[in-house]
Amino acid sequence: QVQLEESGGGLVQAGGSLRLSCAGFGRTFSSHDMAWFRQAPGKEREFVAAISWSGGDTYDADSVKGRFTISRDNAKKMVYLRMNSLKPEDTAVYYCAAAPQVPDTPLSDSPRRYAYWGQGTQVTVSS
């Protein structure tokens with residue numbers, strides 16, 4: 001089992017940057033694929049980015065490609081989301097999620113794949 005705790009959200013102007021952090025708690029953290037999702041008011045939860053258990057593979061949503069970068073440090077049990085060139089439409093609650101790694105299974109953008117979730121951190125981008 002994995003417990004997750006996000007931090008690093010806040011208020012930023014359009015064009016600015018933020019780095020979100022997700023701390024993982026549990027002995028099996030390094031064997032989980034990790035992802036970031038976000039949810040804006042009145043909208044469904046949306047995939048942002050995912051990273052494989054080893055860090056060797058990443059997958060980004062088209063809406064954030066070239067602006068956001070996901071990374072992880074298994075020794076520290078941390079996952080990060082570096083967000084550059086932020087836009088007002090990036091405003092949402094951002095969630096960290098973990099999925100037990102399955103051999104030969106590609107990274108998923110479906111929330112159903114992820115068994116563990118954090119409580120979320122608010123990101124607000126002002127215009």
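Mentor: A disulfide is taken here to be a pair of cysteine sulfur atoms within 2.5 Å. In this predicted model, Cys 22 and Cys 96 are joined in this way, with an S to S distance of 2.1 Å, and a search of the whole structure finds one disulfide. Cys 22 belongs to strand S3 (residues 18-25) and Cys 96 to strand S9 (residues 92-100), so the bond ties together parts that are 74 residues apart in sequence. The torsion about the S-S bond is about -80°, and the disulfide is therefore left-handed. Cys 22 is buried at a relative accessible area of 0%, and Cys 96 is likewise buried at 0%.

Turning to the rings, the structure holds four aromatic pairs. One of them brings together Phe 37 and Trp 117, whose ring centres are 5.1 Å apart and whose planes meet at 50°, so the pair is tilted. This pair links strand S4 (residues 32-39), which holds Phe 37, with strand S10 (residues 116-117), which holds Trp 117, across 80 residues. Phe 37 is buried at 0% relative accessibility, whereas Trp 117 is partly exposed at 25%. Another pair, Phe 47 with Tyr 59, has centres 5.0 Å apart and planes at 35°, and is therefore tilted. Phe 47 is buried at 9%, while Tyr 59 is partly exposed at 31%.

Note on methods. Residues numbered from 1 in each chain as written. Predicted model: local features only at pLDDT ≥ 70, side-chain atom pairs only at ≥ 80, totals over all residues. Heavy atoms only, no water. Helix = DSSP H or I, 4+ residues; strand = E, 2+ residues; numbered from the N terminus. Buried < 20%, exposed > 50% of the residue type's maximum accessible area, 1.4 Å probe, protein only. Phe/Tyr/Trp six-rings, centres within 6.5 Å; stacked < 30°, edge-to-face > 60°.
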